[in-house]
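Here is a friendly walk through one protein chain, written for someone who likes to keep the model open while reading. Please have the structure at hand and follow along.

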Amino acid sequence: MALTSEAKQLYSSVKKAFSEIEFGVEKAQAPKIKKLVIAAIPSVVSCVLVNKLAELQALLPNNQIHFISQYQIVNFEQQNIDCHIHFGNAKYANAVAEKLANEVVYPVCAPNVYEMQHELPLIHYAAGMEDKPGGISWQHWQKHFKLPAMSAQFVFDEVGLTLNAAKNGVGKALAWHQLVKPLIKDKQLKRIDEAQITLPFSYYFVTPKCHTHRVELTILYQWLQTQFAN
């Protein structure tokens, strides 16, 4: 038996139709990707979140997550951004701020030079836009604890470079707890004694009022709470 020429023509059309139906069903069943735009101060993303993004991906598998570096608080009326991980004082107009954590500063150095801590040169992070006036200098530290005045020998304008210098045994640096705790846990840095200073600003999860009930933002906020937990 063999198909007639008319049947062959019909088979070709039917095959194409069933192929299109199958493609349409697969497309309808495929997860829809939603875009989630997160503004954040760069140091939080690089020091706290970047090594944990697989966890966030597992919690929000249907979201394409965009990180935008932004120091100043987001203007949600003018920017297409869903939330902001911000370091500030919780005074945000037309937005809801949920506190994530306070911040304290203390000196750290590499474990292999810990015994030489009193002889180590000072490494200074020249506070940038993201932490003025919440930043702290060695001069402030020395004055607060009534220590002899000493000038920093190395100065960096970026948090990551400051911590890298300390990790490499260059000297001791004043570190923000939330940013440095993964390095302390991994024994790349070691805290020097228990002295610390609490900064006037804190970390907040800020969202526009109209977005407070979005499920993905609730999931994100709860996940961030675990990352900032002491």
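Let's begin with helix α7: at 1.5 Å a residue its 14 residues should span 20 Å, and the end C-alpha atoms are 20 Å apart, which agrees. The expected span of a helix is taken as 1.5 Å times one less than its number of residues. Helices (H or I, at least four residues) and strands (E, at least two) are DSSP runs, numbered from the N terminus.

Before going further, a word on the source: this is a predicted model, in which local features need pLDDT of at least 70 and side-chain atom pairs count only at pLDDT 80 or more, while totals for chains, interfaces and linings use all residues. Residues are numbered from 1 along each chain as its sequence is written, and side-chain values use heavy atoms, with hydrogens and water left out.

Which residues of α7 are buried? They are Glu216, Leu217, Leu220, Tyr221, Trp223, Leu224, Gln227 and Phe228. Seen down the helix axis, the buried residues of α7 fall within an arc of 165 degrees, so they line one face of the helix; the arc is that of the directions from the helix axis to the C-beta atoms. Val215 and Thr226 are exposed on the other side of α7. Here buried means under 20% relative accessible area, exposed over 50%, and partly exposed in between (1.4 Å probe, protein chains only). An α-helix has 3.6 residues a turn, so residues three or four places apart point the same way.

**Glu216 and its neighbours**

Glu216, in helix α7, is buried with a relative accessible area of 14%. Leaving aside residues up to four places away in sequence, Glu216 touches Leu36, Leu60 and Asn63, where contact means heavy atoms within 4.5 Å. The C-alpha atoms of Glu216 and Leu60 are separated by 7.1 Å, although the two are 156 residues apart along the chain. The side chain of Glu216 also makes a polar contact with the side chain of Arg214 (2.6 Å). Such a contact is a pair of N or O atoms within 3.5 Å; within protein, one must be able to donate a hydrogen and the other to accept it, and residues adjacent in sequence count only if both atoms are side-chain atoms.

Asn63 lies in strand β2 (residues 63-69) and is buried at 16% relative accessibility.

**Aromatic rings**

Rings of Phe, Tyr and Trp (its six-membered ring) pair if their centres lie within 6.5 Å; planes under 30 degrees apart count as stacked, over 60 as edge-to-face and the rest as tilted. The count comes to seven aromatic pairs. Two of them are shown here.

| Pair | Centre distance | Plane angle | Class |
|---|---|---|---|
| Trp141 and Phe145 | 4.6 Å | 50 degrees | tilted |
| Tyr203 and Phe228 | 5.1 Å | 45 degrees | tilted |

Tyr203 in strand β9 (residues 197-208) and Phe228 in helix α7 (residues 215-228) are 25 residues apart, so their pair links distant parts of the chain. Both Tyr203 and Phe228 are buried. Trp141 is buried at 4% relative accessibility, whereas Phe145 is partly exposed at 30%. Ring pairs also link Phe87, Trp176, Phe201, Tyr203 and Phe228 into a cluster.
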